[in-house]
Amino acid sequence: MGGINYARRQRAVRAEAATAADETESSWEELPTPPRSPPTPAGTGSSPGSAAGSSRGRPVMLGAGGGVGGNAGAKGAKPSFVSYISPEEVHLKEPIEKELDPHLLPGELLLCEANMVLKCVQDDGSNRGTCGKLICTNFKISFLGDEFAFDDEPQFQNKIIRENDITLQCVDQLYGIYDEKKKSICGQLRKYPEKMIIYCKDLRVFHFCLRYTKEEEVKRIVSGIVHQTQTPKLFKRLFLFSYATAAPNCTVELKNQTVMFDSVKDWRQELERTKGNLKFKAVSVNEGYKVSKKLPTYFVVPMAVSEDSILQYQGKGIPIWCWSCHNGAALLKMSALPKEQDDSTTQIQKAFLDGIYKTIDKPPYEALKIDDLSSSLPSMQDVQIAYTRFKQLFLIDNSSDFWDTDVKWFSLLESTNWLETIRRCLRKAVEVVESLEALNTNVLLVEENASDLCCVISSLVQVMMDSYCRTKLGFQSLIQKEWIMGGHTFLNRCNHLRQTDKDEAPIFLLFLDCVWQLLQQYPTAFEFTETYLTVLSDSLYIPIFSTFFFNSPHQKDTTMYGGTLDTQGSQLSFHSVWDWSVQFKPEAQALLNNPLYTEKPKLDKIQRKTARFKHQRQLSLPLTQTKSSPKRGFFKEEADQLIKNLLGKRISKLITSSDELQNNSTEFYDSWHCKPVDPHGLLLPHLEGPEIKVWAQRYLRWIPEAQLPGGGTVAIATKVLDVMEDVQGLQRKVDEKHSKMVSGDNIEAAPFSRNPARLSSLFPFALLQRHSLKPVLPTSNWKDLEDEEGLAKRDDEFVDLGNV
């Protein structure tokens, strides 16, 4: 009897234990702490909609559920759903929900959102990733999830745009997956996709799986994103105006500020800096934009140009000064005359231009070379086509696509013609440099509106010839002068309004790519880094800065916001992109400065007098037809010989062929490259085939398979920064020994705690990432092989065991 009671008690205990186990397994999401060895969550009673958490430290793994492990011998029931989250990770549900609140800027409004969206991992095309919330505002598309462990947070983080944020202007193309078929998303949608793919203009690719999202939320989020990114927009609907209205107006006065060229004083100072005030003058005839809406309020013209003539021709056909060389030669640009006009007007304008040319062209000392860029460089359409082909190489959906293109990478790269476009622009800039530097010839660049290729070539010439333009402030001032005040149509060329594609062309990106070619060839000659150029290109699509969101200074100055039919709106003040503190913290801004750059040494009084004497000697040749001073008579023999040489060159140009002219240009190019390079002097790029390279940091930074662990420019920069920190530490010890006082203001801390084991060529935009290994056979050949059984039956042809 006791045995029977004992057996009954044991059965009761086992039954209670089984019931408790079932209850624990069915409500594992409520556990405060995760179990050490959790069971597989397969046939539980919860629904996927209740699992709203996301993983921390690793992506959520998707897969079919198995049977419940309560009875080992019983056959597992067929699961009614698939579990997409593991029980050990659900204890993070409450803190994640707190973090899912979106970070909104002033003036930013939440338009639509969707829960249970899966951000897929782009490695093998499978549905693995992180679960979270996808939102769309009037500023950005943002995925709210927790993908990083605490020690993997990105250190170079933009304060405005985070890693999973996409500004509406940065969206390039939208695609949807319908029944495993990829189709473009645009217009009104009759059917909504299971997965949405977003291609960005900064070459990021996002895959969002909507299969587990509620149908109403899918319709809302997809329709909202399509409407905000693909439909034409009104100019005043840009977030730029919403932010400027709602954000506090705080203008910070910075020392050594970038020259904005919005006053006559700025232009006159630039004339004095380049010694161009002898033959050119700053005019204010366009105040109130009464001459032309395409010209800035203030600009510089030759002394012979009167204000009446500028008013008469509305700025067309007026040579506008860009820069003056040390020898007195000048670089100018001009808008081409209208093609469709009557003969009388054409004759009058030609007569006016002939008179202007005579004041500039004074052979043999100062000849004038007119260069029509529309006939010697690619058109806007050609540039756009080349870049459209080029960017497709980097918009990778998964690692298989990456390795498919690896076999034919160079042929695909060459077929895009993008690097050849860069080479042609650099070659044209070298030709202009030769005319200014070697031939002492004024160069006039002519283009239809003088606001596209003129900006590219004139800026490149100044970067090559003027070391000031290779400093950060000088480069920013150059962009303000040649691009912003030069009237480059950023709004149309970047297609911010999505109204038409015919005007879209990456002209400014072309210029930055050309500058990067110079920077990677002469890294010690630039004060800024390639990271600076990369974040500058990203700033094209951040609509809180006015720098790259207007077509002209007139459009910016005359755009009023608010008001009614009876009242006039108010003029807003916008942020400038040159205030880098808006985007980055001080330690992140340190990566924008080149540690290899050395400032130009300042001359002492004796050297300054010698330099000034040499400069006067270069300008001692008569610039006008007036008689030279008797005090300069000892230069007569030198001047006579120079005149003979110049006259000989002028006459020889009339009888030589184009091939010989090309040889002369090659001679100048080759002779310069035979000399030692002065980082503060003239720079000429190497134009040979392998010297023009792909800007890897910008175009490959989002592809883990393309990273170089511990390599790239980051390896050099890290070593240099380490040495600099050691030198600064020794210097502080020396100062302490002598003065026993150390000023903390001058101590620069290390920008980051750099761990070389976690760095790669993707730094600082990403740390060392896990990526798929390169297959032995190209993935394009895998399809031609037999199935698994066929491969198993085949005999091995060759196995290389190495030294095993």
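Gly176 stands opposite Lys183 in strand 6. That pair belongs to strand 5, residues 171–178, and strand 6, which run antiparallel and are joined by 4 bridges. Two strands count as paired if DSSP finds at least two bridges between them. The strands themselves are DSSP runs (E, at least two residues), as are helices (H or I, at least four residues), and both are numbered from the N terminus.

A word on the source. This is a predicted model, in which local features need pLDDT of at least 70 and side-chain atom pairs count only at pLDDT 80 or more, while totals for chains, interfaces and linings use all residues. Residues are numbered from 1 along each chain as its sequence is written, and side-chain values use heavy atoms, with hydrogens and water left out.

Next, strand 3. Strand 2, residues 129–137, pairs with strand 3 in the antiparallel sense over 4 bridges, and a hairpin joins the two through 2 residues. Ile135 stands opposite Ser142 in strand 3. Strand 3 also pairs with strand 4, residues 165–167, again antiparallel, over 3 bridges. There, Lys140 stands opposite Thr167 in strand 4.

Is strand 3 mostly covered or uncovered? Of its 5 residues, 140–144, 5 are buried, where buried means under 20% relative accessible area, exposed over 50%, and partly exposed in between, with a 1.4 Å probe and protein chains only. Lys140, Ser142 and Leu144 are buried on one side, and Ile141 and Phe143 on the other.

Last, the cysteines. How many disulfides does a search of the whole structure find? It finds 0; a disulfide is a pair of cysteine sulfur atoms within 2.5 Å. Cys170 has its closest cysteine sulfur in Cys200, 4.8 Å away, which is too far for a bond. Cys322 is in no disulfide either, and its nearest cysteine sulfur, that of Cys454, is 7.4 Å away. Cys170 is buried at 4% relative accessible area, and Cys322 is buried at 0%.
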